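Hi,

Here is the model I promised to pass on. Have a look first, then read my notes below.

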Amino acid sequence: MFIEIIILSIIIGLVRGGKLSRFKRVNFKKMWVLILALIIQYFLVTINFIEELHYLDGVFRFTKQLSIISYILLFIGIIINLRYRSLWVVLAGSVMNILAMIFNGWKRPILVEGIELLGFEDLGFLLEQGKLPLYTPIVEKTKLAILGDIIVLPKPYPYPHIFSLGDFIIYLGLFVLIQEIMISEDRDFGNMVQFDFISR
């Protein structure tokens, strides 16, 4: 979903008259921390849905540590780039996700039925056995289950996906961020970006 949101936002930005050349004005010396954090999180989610899990046992042993590092980097990246107002939205979604994990043993609560609906029955079985390092099944005792992965995007969507409300808000924030960059006229992106997507 992360990749699709970026592609969709770029396409819509171009349709609205935006320019890819405006990305050159972004201060990537400050933005790289945020980008790295999102890449780590995307990687951790993706590998949990790979069928041949035994090939990744070495990585799985460090899932918790990588998750913590990714959120530390994410919050640092957001703080140093808060001039981009859309990152307040990303911050809100990130807080929701991290709260769900903190209250559930640093694992993301997820609907077993949702995984099975996506066609990952084998992974659903592994989840119930506690063998997916990033996830824990939503049960009666799960805390903040509403913030878990409960939103299912099934087939015929080309890339069936399950995500949380926090993820959705993060996707929205990233979408708006790209719109900010592509649509905003001649402004100094190292200093301030106006929230043009909302104001138009």
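This is a predicted model: local features need pLDDT of at least 70, side-chain atom pairs count only at pLDDT 80 or more; totals for chains, interfaces and linings use all residues.

**Helix H7 and what follows**

Just after H7, Gly-130 has a positive phi of about 75°. Residues are numbered from 1 along each chain as its sequence is written, and side-chain values use heavy atoms, with hydrogens and water left out.

Back to H7, residues 121-128: Leu-123, Gly-124 and Leu-127 are buried there (buried is under 20% relative accessible area, exposed over 50%, partly exposed in between, with a 1.4 Å probe and protein chains only). These residues sit on the same side of H7, because they cover an arc of only 105° around the axis (taken from the directions from the helix axis to the C-beta atoms). Asp-122 and Glu-128, on the other side of H7, are exposed. The cover over the buried residues of H7 includes E1, helix H6 (112-117) and strand E2 (135-137), with contact meaning heavy atoms within 4.5 Å.

**Aromatic pairs**

How many aromatic pairs does a search of the whole structure find? Three, where rings of Phe, Tyr and Trp (its six-membered ring) pair if their centres lie within 6.5 Å, and planes under 30 degrees apart count as stacked, over 60 as edge-to-face and the rest as tilted. Tyr-71 and Phe-75 make a tilted pair, 6.3 Å centre to centre with 35° between the planes. Both lie in helix H4 (residues 63-79), four residues apart, or about one turn of the helix. Tyr-71 counts as buried, at 3% relative accessibility. Phe-163 and Tyr-171 form an edge-to-face pair, because their ring centres are 5.9 Å apart and their planes are at 65°. Both Phe-163 and Tyr-171 are buried. Ring pairs also link Tyr-71, Phe-75 and Trp-106 into a cluster.

**The cavity**

The largest cavity has a volume of about 40 Å³. Its lining includes Asn-97, Met-101, Arg-108 and Asp-149. (A cavity is a set of points on a 1 Å grid over the protein atoms alone where a 1.4 Å probe fits but cannot get out; lining residues have an atom within 4 Å of a point. Points are joined across faces, edges and corners, and the volume is the space filled by probe spheres set on them.) H5 gives the largest share of this lining, three residues.

Cheers

Notes
Helices (H or I, at least four residues) and strands (E, at least two) are DSSP runs, numbered from the N terminus. On a 1 Å grid over the protein atoms alone, a cavity is a set of points where a 1.4 Å probe fits but cannot get out, and a pocket is an open set with protein on both sides within 12 Å along at least five of seven lines; lining residues have an atom within 4 Å of a point.
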